[in-house]
Amino acid sequence: AVVSTQSTGILRHLKGKYLVGHDLQNDFQALNFKPHPALVKDTSKCIALRHLAGLDVKRKPSLRLLTRLIRGKDIQSASHCSIEDARAAMALFKAAEDNWEDQTNPFLDDSYWAHLT
């Protein structure tokens with residue numbers, strides 16, 4: 001894929017940084033960027049947030065729904081705003097931060113490694 005000069009500048013700023021957002025794979029794909037999984041904090045994949053919201057852990061919730069159920073705020077009501085989305089994702093991350101790693105990293109679960117014993 002061809003990466004524009006603007007994308008190259010963005011990538012330079014993202015490299016090695018923690019990235020917080022919701023359903024980030026499309027953004028990464030558009031930038032042809034593959035960050036280290038340990039640096040990605042994707043609220044769409046966080047099981048702890050689904051528990052906090054009282055949602056089925058097997059279904060991926062929208063940012064709008066998680067924000068309404070956990071933060072009690074409506075977002076994206078008039079139009080899409082990437083700044084509003086970023087703020088909502090960061091607030092959700094902060095709400096689940098203490099339980100984040102246990103809920104999102106399959107490598108930390110003993111069952112992931114069971115086939116090796």
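Reply: In helix 5, the buried residues are D85, A88, A89, A91, L92, F93 and A96. Buried means under 20% relative accessible area, exposed means over 50%, and partly exposed lies in between, with a 1.4 Å probe and protein chains only. Helices (H or I, at least four residues) and strands (E, at least two) are DSSP runs, numbered from the N terminus.

Me: What kind of model is this, and how are residues numbered?
Reply: This is a predicted model, in which local features need pLDDT of at least 70 and side-chain atom pairs count only at pLDDT 80 or more, while totals for chains, interfaces and linings use all residues. Residues are numbered from 1 along each chain as its sequence is written, and side-chain values use heavy atoms, with hydrogens and water left out.

Me: What span does helix 5 reach?
Reply: Helix 5 covers residues 82-96, which is 15 residues, and reaches 21 Å from its first C-alpha to its last. That is close to the 21 Å expected at 1.5 Å a residue, where the expected span is 1.5 Å times one less than the number of residues.

Me: How many helices and strands are there in the protein chain?
Reply: The protein chain has 6 helices and 2 strands. Read from the N terminus, the order is α-β-α-β-α-α-α-α.

Me: And what share of the residues is buried?
Reply: Of the 117 residues in the protein chain, 29% count as buried. The accessible surface of the chain is about 8,300 Å², and 52% of that belongs to carbon and sulfur atoms. These areas come from the Shrake-Rupley method with a 1.4 Å probe, and for residues only the protein chains shown count as cover.

Me: Which residues of helix 4 are buried?
Reply: Helix 4 spans residues 63-71, and its buried residues are L63, L66 and T67. They lie on the same side of helix 4, because they cover an arc of only 100 degrees around the axis; the arc is that of the directions from the helix axis to the C-beta atoms.

Me: What covers them?
Reply: The cover over the buried residues of helix 4 includes helix 3 (47-53) and helix 5. Just after helix 4, G72 takes a positive phi of about 70 degrees.

Me: Which residues have a positive phi although they are not glycines?
Reply: D23 is one of them, with a phi of about 55 degrees, and N32 also has a positive phi of about 55 degrees. D23 sits in the loop between strand 1 (19-21) and helix 2 (25-31), whereas N32 lies in the loop between helix 2 and strand 2 (40-42). D23 counts as partly exposed because its relative accessibility is 23%. N32 is likewise partly exposed, with a relative accessible area of 44%.

Me: Let us stay with D23. Which side chain makes a polar contact with that of D23?
Reply: The side chain of K60 does, at 3.0 Å. A polar contact is a pair of N or O atoms within 3.5 Å; within protein, one must be able to donate a hydrogen and the other to accept it, and residues adjacent in sequence count only if both atoms are side-chain atoms. K60 is placed in the loop between helix 3 and helix 4. K60 and D23 are 37 residues apart in sequence and 9.2 Å apart in space, C-alpha to C-alpha.

Me: Is H22 buried or exposed?
Reply: H22 is buried, because its relative accessible area is 18%. H22 lies in the loop between strand 1 and helix 2, and its side chain makes a polar contact with the side chain of T43 at 2.7 Å. Not counting residues up to four places away in sequence, H22 touches D42, T43, S44, P61, S62, L63, L66 and A89, where contact means heavy atoms within 4.5 Å.

Me: Last topic: how many disulfides does a search of the whole structure find?
Reply: The search finds 0 disulfides, a disulfide being a pair of cysteine sulfur atoms within 2.5 Å. C46 is buried at 1% relative accessibility, whereas C81 is partly exposed at 32%.
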